[in-house]
Amino acid sequence: MRDARGSATPSAQTILAEVGGAILGGILGAVVIGGAIYLVAGLLFAQQLGMGLLTVGVLGASFGFGVGAGLGTALVGRAFQQGGNLWLAPVAGGLSAVIALFGMRLLNLGGLGELLIVGLLLPLVVVVVVYNLQTRR
């Protein structure tokens, strides 16, 4: 099925594959990007920022999960020949993870469990929706 702009509407199978790609990409991104943030920021700046290493590790891994989820979604979408924005999905994933974590922390909503659940589920939803927004005309 095609919309007015001429690009294909994603099927349920494509959306499920993109969610799977987001999960796999998010796990890889959390390890790679989160590990790099932990090493650089955690070991060099954590004490000056007044944060512990665990806090820096959790924030870095959540940001990495969002970015990796965006990349995973974009790569699977490209494999399924779905026209989406390759760079907007990782940026939106990383930003949504950071906004969710800092927003919940600043508003003092929930404990660590709720913080991690929202910080991981929100980017999954955001990256799939943002990638499938049709930006081409």
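1. Let's start with how H2 and H4 meet: H2 passes H4 in a right-handed crossing. Bear in mind that this is a predicted model. The two axes come within 9 Å and cross at roughly 25°. Angles under 35 degrees count as roughly parallel, so H2 and H4 are roughly parallel to each other.

2. Which residues in H2 meet H4? On the H2 side they are Val-58, Ser-62, Phe-65, Gly-66, Ala-69, Gly-70, Thr-73, Ala-74, Gly-77 and Arg-78. Their partners in H4 are Leu-116, Leu-120, Pro-123, Leu-124, Val-127, Val-128 and Tyr-131. Sorted by class, this contact has 11 nonpolar, 5 polar and 1 charged residues.

3. On to H2 and H3. Here the axes come within 6 Å and cross at roughly 150°, which makes H2 roughly antiparallel to H3. The crossing of H2 with H3 is right-handed.

4. As for the side of H2 that faces this partner, Leu-59, Ser-62, Phe-63, Gly-66, Val-67, Gly-70 and Leu-71 meet H3. From H3 come Ala-89, Pro-90, Gly-93, Gly-94, Ala-97, Val-98, Leu-101 and Phe-102.

5. The remaining pair to go through is H3 (residues 88-106) with H4 (residues 112-132), whose axes come within 8 Å and cross at roughly 150°. H3 is therefore roughly antiparallel to H4, and their crossing is right-handed.

6. In H3, the residues that meet H4 are Leu-88, Ala-89, Ala-92, Gly-93, Ser-96, Ala-97, Ala-100, Leu-101, Met-104 and Arg-105. H4 answers with Glu-114, Leu-115, Val-118, Gly-119, Leu-122, Pro-123, Val-126, Val-127, Val-130 and Tyr-131. By class, that is 15 nonpolar, 3 polar and 2 charged residues.

7. Finally, the largest pocket, which holds about 250 Å³ of space. Where does its lining come from? Helix H2 (53-79), H3 and H4 each give two or more residues to the lining. There are 14 lining residues, and the closest to the pocket centre are Thr-55, Val-58, Arg-105, Leu-112 and Leu-115. By class, the lining has 9 nonpolar, 4 polar and 1 charged residues.

Key: Residues are numbered from 1 along each chain as its sequence is written. This is a predicted model: local features need pLDDT of at least 70, side-chain atom pairs count only at pLDDT 80 or more; totals for chains, interfaces and linings use all residues. Side-chain values use heavy atoms; hydrogens and water are left out. Axes are lines fitted to C-alpha atoms, for helices over the stretch in contact, and angles run from 0 to 180 degrees between N-to-C directions. Helices (H or I, at least four residues) and strands (E, at least two) are DSSP runs, numbered from the N terminus. Angles under 35 degrees count as roughly parallel, over 145 as roughly antiparallel, 65 to 115 as roughly perpendicular and the rest as oblique. A crossing is left-handed if the near helix is turned anticlockwise from the far one by less than a right angle, and right-handed if clockwise. Contact means heavy atoms within 4.5 Å. Ala, Val, Leu, Ile, Met, Phe, Trp, Tyr, Cys and Pro count as nonpolar, Asp, Glu, Lys and Arg as charged, and the others, Gly among them, as polar. On a 1 Å grid over the protein atoms alone, a cavity is a set of points where a 1.4 Å probe fits but cannot get out, and a pocket is an open set with protein on both sides within 12 Å along at least five of seven lines; lining residues have an atom within 4 Å of a point. Grid points are joined across faces, edges and corners, and a volume is the space filled by probe spheres set on the points.
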